[in-house]
Amino acid sequence: MIRSAVAALLLRLLSAGRGFALALALSLALNVAVFGDIWWRPGRYLFGTGGDGLKNYYTTVYHAAHDSSVVWFRGMNHPDGDHVLFTDDQPALAEAFRVLVRHGALAPATIPGVMNWLMISSMVLGAGILWLVFAELAGPGDANGGLLLAAVLVGGLAPQYERLAGHYALAYAWVIPAALLLWLKLQRQPRAHRYLGLALYLTAVTFIHLYYGAILFLLLTSLAVASAWQERRRLGQAVATVCVAALPLLVMRLFLALTDPVRDRPEAPIGFLGYRAHWESLFLPLGHFPITFLSRVILIRPWEIESAVYIGLPATLFCAVVVWQGLAAITRGARAGVWLELDSNERSMAFAAIVAALFSLGVPFIFGLDWLLPYLGPIRQFRSLGRFAWAFYYLANILAFGWLMARCRAGTMRLRWPALALLVLAWQVYDYRAGTHARLANLSELGADGAPARLARSLHLSEAEYQAIWPVPYFHIGGERVKREPACDVLGSTLQLSWVTGIPTNGVAMSRTSYAQTVAKIAAHDDTAALAAFRAGLVDRRPFVVVRRTRDCPLSPSDRTVIAGSELLYAAIEGADARDSLLVYRFRP
C-alpha cells in the first residue's frame with residue numbers, strides 16, 4: 001500500500017509540467033554547487049582572461065557599446081573592421097545588447113555578467129528540456145523518477161561545460177535538446193505552425209553560432225531520412241524537415257551575400273581533420289580516472305579539448321551492447337534485442353547518433369577520401385568536426401537511459417541496474433565538475449576600478465583622441481594560411497585597453513579575414529617600405545596608442561621604426577619578472 005501511494009505521488013509530481021519544474025530545481029541545485037558565488041555575482045568574473053576567452057567577451061562588449069552598424073564590427077582590423085559574423089561575438093545576442101545599450105536599458109559594464117549568467121543558466125535549462133525529451137519518448141504516464149535523475153545527470157556531464165573557458169557562443173546546453181524536442185513534437189503532430197517554430201528556432205541559434213546550424217542540419221536530416229526509411233508515409237514530412245533544417249544555412253548565406261563586401265575570404269581553413277573526434281575521446285574519460293592512471297601503462301594518443309566529447313560510462317556500455325548484438329545479428333542471425341525494443345522514433349535517433357559519431361570521427365575523409373574536400377563547398381568551413389559529436393552525446397544518453405527505464409517498466413529488468421547506471425553517472429558528473437568553479441572564477445580586472453581603466457584615465461586615452469591601438473609585436477589571426485600569432489601576451493593587453501577606452505586596434509583575432517587586407521597589414525608590420533605606404537594611405541591623422549609587452553620581445557624592422565618614432569607615455573614592470581613589462585607610447589602617423 002505504501003509503495004503504491006509513493007508511486008501515485010511520483011506520478012503526480014512528474015505530470016502536468018511538474019516534472020519540468022522539478023528537473024530545473026534539481027539541476028539548479030547541482031549547478032549552484034558547481035558555480036558557487038558566480039551565480040550571485042556573475043559580473044565579478046571572466047571565465048577566460050586571455051586568448052579566445054578574453055577575445056569573445058571583448059567582441060561582444062565592443063559591438064554593443066561602440067559599433068554604430070548592425071553588421072559591421074570596427075573593434076579590430078583598423079581601419080577596415082570586419083563583418084560581425086566573423087568575430088565570434090554571438091551576432092544575435094550582441095545585436096540585442098547593442099539595442100538595449102542604445103536605449104539606456106543596459107550598461108556595457110554589465111554585459112560580461114549577463115553573458116556569464118546566460119551560460120551557466122543554460123545548463124539548468126538544458127537539463128529541464130532533456131526531461132521533456134525523455135517524457136515525450138516515454139509517453140503519458142510512463143515518465144518516472146529515474147528519467148528525471150537521468151535528465152539532470154546527463155545535463156551535468158554535457159560537453160558545453162568545456163566551452164565555458166573560451167567559446168561562449170557554443171556553451172548553451174539547451175540548443176541540441178530543444179531541437180530534439182521540437183522534432184519529436186513534429187513527429188507526433190506535423191502541423192504548419194510547428195514547422196514554422198522549428199525554422200525560427202534554427203535560424204535564431206544559427207545566428208548565435210554557425211556551428212549550431214551545421215550540427216542541427218546534420219542531426220535533423222539524419223532523423224528525417226531514418227524516419228522516412230521506416231515509414232514511407234512520412235516521406236513528405238521528412239522532405240519538409242530537411243528543407244526547414246537547411247533554411248537557416250541558406251538565410252545565412254544570403255545575409256552574407258547582401259551585407260558583406262569582402263570577396264576574398266579564405267574558402268577553407270587549415271586542417272579540416274585537425275580537430276576531429278577519436279574513439280578514445282568519445283568513449284574514454286580522458287584526463288579523468290581511471291585514464292589518468294592507465295595512461296601510465298598503456299598508450300593513449302594525444303587529444304585536443306575540441307575533440308573530447310565523453311558520453312559517460314552508462315552510454316558507452318549501452319553502445320557496446322548495441323554493437324555486439326548488431327554484429328551477432330549480422331554474422332549469426334541472432335536476435336538484435338536492443339534494436340527491436342526501440343520504437344520508430346528511437347530507431348531514428350539511433351541512426352542519427354551513428355551518423356553524428358561517424359562524421360565527427362572524419363568518416364569518410366579519413367579513409368583516403370580527403371581529395372573530396374575541394375568539392376564540398378561551405379562544408380569545408382567546419383574544421384572542428386569533434387563538435388558534431390555533441391549530438392551523439394545527447395542521443396546516446398537519451399537512448400541508453402530511455403531503454404533501461406523502459407525495461408524496468410516492462411518488468412524485464414530489475415531496478416538495481418538503472419540505479420547503478422545513475423550512480424555511476426552521478427560519480428562521473430562529480431569527477432568532471434569538481435574543479436569547474438576554480439577554473440572559471442577569474443576575478444575581472446576590466447571594471448571601472450581595474451588596472452586597465454586606471455591606466456587609461458591616467459594617460460587620458462580616449463576614442464576621441466586616438467584612432468587605434470597598435471600592438472607591438474603585431475598579431476593577426478584569421479588569415480588562415482597567412483597569419484601572425486600573438487607573442488609576449490600583447491593580445492591581452494591590447495584588448496583590455498581597447499575594452500575600457502573604446503579605441504579600436506589594428507590587430508586581428510577573428511576568422512576568415514580578407515586575404516588582401518591580411519597580406520597588406522602583416523607586410524606593414526614587417527617591412528618598413530610597406531609601413532610607409534600604410535601610413536601614407538591613412539585618412540585619419542590622429543595618433544596611435546602603441547602597446548608593447550616585454551622589452552626583450554623580438555621586434556620586426558617596422559616595429560623598431562614605430563618605437564623609434566614614438567613618445568613613451570608609460571612603462572611599468574608587471575609581475576615578478578623584471579623583463580615582463582608594459583610600455584605605452586604615442587605614435588603619430
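Does Lys521 count as buried or exposed? At 4% relative accessibility, Lys521 counts as buried. The points below place this residue in its surroundings; please bear in mind that the model is predicted.

1. Helix α21. This helix covers residues 515-524, and its buried residues are Thr518, Lys521, Ile522 and Ala524. These four cover an arc of only 160 degrees around the axis, and therefore lie on the same side of α21. In an α-helix there are 3.6 residues a turn, so residues three or four places apart point the same way.

2. The start of α21. Here a side-chain oxygen of Ser514 comes to within 3.4 Å of the backbone nitrogen of Ala516.

3. The salt bridge of Lys521. The partner of Lys521 is Asp80, and the closest N and O atoms are 2.4 Å apart. Because Lys521 lies in helix α21 and Asp80 in the loop between β2 and β3, the pair ties together parts that are 441 residues apart in sequence.

4. Glu463 and Arg74 meet through their side chains in a salt bridge, at 2.3 Å from N to O. This pair also links distant parts of the chain: Glu463 sits in the loop between α19 (451-459) and β5, Arg74 in the loop between β2 (72-73) and β3, and 389 residues separate them. Glu463 is partly exposed, with a relative accessible area of 24%, and Arg74 is likewise partly exposed, at 31%.

5. Lys55 and Asp88. The structure holds 17 salt bridges, and one of them joins Lys55 to Asp88, with the closest N and O atoms 4.0 Å apart. Lys55 belongs to helix α3 (residues 51-66) and Asp88 to the loop between β3 (82-83) and α4 (91-102), so the pair ties together parts that are 33 residues apart in sequence. With 8% relative accessibility Lys55 counts as buried, while Asp88 is partly exposed, with a relative accessible area of 21%.

6. Strand β5. Residues 468-472 form this strand, which is mostly covered, as 5 of its 5 residues are buried. Ala468, Trp470 and Val472 point one way from β5, while Ile469 and Pro471 point the other way. In a regular strand the side chains alternate between the two faces of the sheet.

7. The partner of β5. Which strand pairs with β5, and in which sense? Strand β8 (residues 544-549) does so, in the parallel sense and over 5 bridges. Within this pairing, Val472 stands opposite Arg548 in β8.

8. Thr494. Helix α20 (residues 490-501) contains Thr494, which is buried, with a relative accessible area of 0%. Leaving aside residues up to four places away in sequence, Thr494 touches Ile469, Pro471, Phe475, Thr505 and Val547. Among these contacts, Ile469 and Pro471 are the residues that point the other way from β5 than Ala468, Trp470 and Val472.

Definitions and conventions:
Residues are numbered from 1 along each chain as its sequence is written. This is a predicted model: local features need pLDDT of at least 70, side-chain atom pairs count only at pLDDT 80 or more; totals for chains, interfaces and linings use all residues. Side-chain values use heavy atoms; hydrogens and water are left out. Buried means under 20% relative accessible area, exposed over 50%, partly exposed in between (1.4 Å probe, protein chains only). Helices (H or I, at least four residues) and strands (E, at least two) are DSSP runs, numbered from the N terminus. The arc is that of the directions from the helix axis to the C-beta atoms. A polar contact is a pair of N or O atoms within 3.5 Å; within protein, one must be able to donate a hydrogen and the other to accept it, and residues adjacent in sequence count only if both atoms are side-chain atoms. Two strands pair if DSSP finds at least two bridges between them. Contact means heavy atoms within 4.5 Å.
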